[in-house]
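Welcome! Let's take a friendly walk through this structure, starting with its ligand and ending with one of its strands.

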Amino acid sequence: MGLFSFLKKKPSTDVPGEINDGSRDAQSVNAETTPDISQDEVDRLDAKLAKSRKRFTSGLLDFFSGRKVDDDLLDDLEAQLVMSDVSVKTANKIIDSVRTAAKNNPSDLQAILRQELTQLLTPCQQPLEIPDNETPFVLLVVGVNGAGKTTTIGKIARQLQNGGKTVMLAAGDTFRAAAVEQLKTWGERNNVPVVAQGDGADSASVIFDALQSAKARGIDVLIADTAGRLHTQHGLMDELGKVSRVIKKLDPSAPHETLLVLDGTTGQNALNQAREFGNSVEVSGLVVTKLDGTAKGGVLFTLADELNLPIRFIGVGEGIYDLRVFDAPDFVNALLGNYSPDGSITPTDATGQL
Ligand SMILES: Nc1nc2c(ncn2[C@@H]2O[C@H](COP(=O)(O)OP(=O)(O)OP(=O)(O)O)[C@@H](O)[C@H]2O)c(=O)[nH]1
Ligand SMILES: [Mg+2]
């Protein structure tokens, strides 16, 4: 079979327990079909976060241009953070630590703010690690409707393949037929098998089947999609508990990661969603999506401050490479632009504008 023959494969129709993977061995495609992210793409983080940076820096320029650090200035700075969608409580905390640090170094507010913001995010910088001895590693992806779950699954699959892992997807969103098709499309894009069942199938049973199949085939990582749901939909929230219980019959340590996907454009609402999902499932990591389309990047500081959960990835676009492993200094630098001791701010990329 030719190298790119999987591109020609038509999605097959749903049959119970179907595996949609062409006849290629998933292990063998990794290096051939999944080029690494180029440096150019990585650098684009700055451009991707341009809206949030604009919101952050347009107001901050004034603060860094030689104004005396006093209560007035710190009040203004706090208001600026809140406008960037940092919660009042978190903004307060940031300002308190900036005030303390500024006592020792009143002239370099820019460096202090950069340091305090980074410090707040650093505990959340805990990349997803997939141990070699825990296969299949089961990653359950949950969140409200439209948060970006399925898209994030497609992007993670690509990153894992780039890291040499074999991947299988489980179409656990059995709510809509279109959801299964969407996941299959991502499966084809990555040339990874997708386990699905017919319309109206039981989500837990699809994921159970998929885990059985992943075990049989020696797959490294099984990523399970689920239907979007609100905490008020008790039946659907209970279904997530059932998924966990059922797959534990095959592997008591599964799911190894429950990733909650949050839409970054929803601002403070993301915090509420995280709390509500946390009441029903054991969320072990967060993905914050759509940070490219929003000026609300400040929400990450609130999530970090309030939730004490790892932020595994951030989504910065709809493309397959538009997912970054969360890195606190990179994020702060993308928001604040390059440091310059004279108080001016320059974007860290060639294309972003202040
Ligand atoms: N700009 C941007 N769009 C994104 C990002 N992530 C996802 N999207 C878009 O958001 C929309 C919803 O994404 P899905 O992946 O279908 O969301 P979902 O959570 O699976 O939705 P349901 O299955 O309906 O619950 C799609 O149009 C995606 O292309 C991102 O990081 N940036
Ligand atoms: Mg989906």
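A residue counts as near a molecule if its C-beta atom, placed from the backbone, lies within 6 Å of it. With that in mind, 21 residues surround ligand 1 in this predicted model. The closest are G148, T150, T151, G228 and G315. By class, the shell around ligand 1 holds four nonpolar, 11 polar and six charged residues. Which helix gives the most to this shell? That is helix α8 (residues 149-162), which supplies three residues.

Now for the chain as a whole. The protein chain has 14 helices and nine strands. Of its 354 residues, 49% are buried. Among the contacts in the chain with a separation of 6 or more, 76% are between residues 24 or more positions apart.

Strand β8 (residues 311-315) has five of its five residues buried, so β8 is largely enclosed by the rest of the structure. G315, one of the residues closest to ligand 1, has its bridge partner, L323, in β9. The pairings of β8 are set out here:

| Strand paired with β8 | Sense | Bridges | A bridge pair |
|---|---|---|---|
| β9 (residues 323-325) | antiparallel | three bridges | G315 with L323 |

Notes. Residues are numbered from 1 along each chain as its sequence is written. Chains are lettered from A and ligands numbered from 1 in the order in which they are written. This is a predicted model: local features need pLDDT of at least 70, side-chain atom pairs count only at pLDDT 80 or more; totals for chains, interfaces and linings use all residues. A residue is buried if 20 or more other C-beta atoms lie within 10 Å of its own, exposed if 12 or fewer, and partly exposed in between; C-beta atoms are placed from the backbone. Helices (H or I, at least four residues) and strands (E, at least two) are DSSP runs, numbered from the N terminus. Two strands pair if DSSP finds at least two bridges between them. Ala, Val, Leu, Ile, Met, Phe, Trp, Tyr, Cys and Pro count as nonpolar, Asp, Glu, Lys and Arg as charged, and the others, Gly among them, as polar. Two residues are in contact if their C-beta atoms, placed from the backbone, lie within 7 Å.
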